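The sequence and structure come first.

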Amino acid sequence: MQLLRDVELQSLTMARSFPTRFGGDQRPLRSSIQTYGVLHPPRLYEENGGKFILDGLERIVIASELGSKFLPCYVYDDAILSRQNAFLLSLELNRLSREFNSVEKAQLLRTAHDLFTNKNIPKTF
């Protein structure tokens with residue numbers, strides 16, 4: 001189950017979001033958001049009162065830079081999704097829309113290692 005709700009952008013925890021994009025031209029996305037707004041709501045994971053970005057970091061950053069204070073977002077919590085499954089959902093959503101560069105792959109492997117301690121890291125990696 002997922003919940004679509006308006007989220008205050010200042011309430012988001014950027015430091016523990018995964019994965020993070022490194023590089024890339026943001027001008028087309030910025031132009032689209034300026035013209036149409038955010039077309040695809042970002043997806044967040046709520047844990048211990050913090051909201052972490054699963055998908056949509058660039059949309060959130062650009063919308064914030066353009067003056068948005070709130071955005072509709074899909075919000076999952078630990079009753080809906082485990083932290084490990086939140087990571088896998090984030091990976092899948094981002095994998096469908098782009099390729100990961102070397103820095104992103106290293107970051108993903110590090111996160112997978114931390115999340116799946118004493119477990120097999122899924123063969124996706």
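Predicted model: local features only at pLDDT ≥ 70, side-chain atom pairs only at ≥ 80, totals over all residues.

Residues are numbered from 1 along each chain as its sequence is written, and side-chain values use heavy atoms, with hydrogens and water left out.

**Entry: charge over a ring.** I looked up phenylalanine 52 and found the charged end of arginine 83 over its ring, 5.8 Å from the ring centre. The criterion is NZ of Lys or CZ of Arg within 6 Å of the ring centre and within 35 degrees of the ring normal.

**Entry: helix 3 and helix 4.** I took helices as DSSP runs (H or I, at least four residues), numbered from the N terminus. Helix 3 (residues 83–97) packs with helix 4 (residues 102–115) at about 160°, their axes 10 Å apart. Axes are lines fitted to C-alpha atoms over the stretch in contact, and angles run from 0 to 180 degrees between N-to-C directions. Helix 3 is therefore roughly antiparallel to helix 4, a term for angles over 145 degrees.

Which residues of helix 3 and helix 4 meet? Arg83, Gln84, Phe87 and Leu91 of helix 3 meet Leu108, Thr111, Ala112 and Leu115 of helix 4, contact being heavy atoms within 4.5 Å.

**Entry: helix 1 and helix 2.** The axes of helix 1 (residues 27–36) and helix 2 (residues 57–65) come within 10 Å and cross at roughly 55°. On the helix 1 side, I list Leu29, Arg30 and Ile33; on the helix 2 side, Glu58, Arg59, Ile62, Ala63 and Glu65.

Note on methods: Helix = DSSP H or I, 4+ residues; strand = E, 2+ residues; numbered from the N terminus. Parallel < 35°, antiparallel > 145°, perpendicular 65-115°, else oblique.
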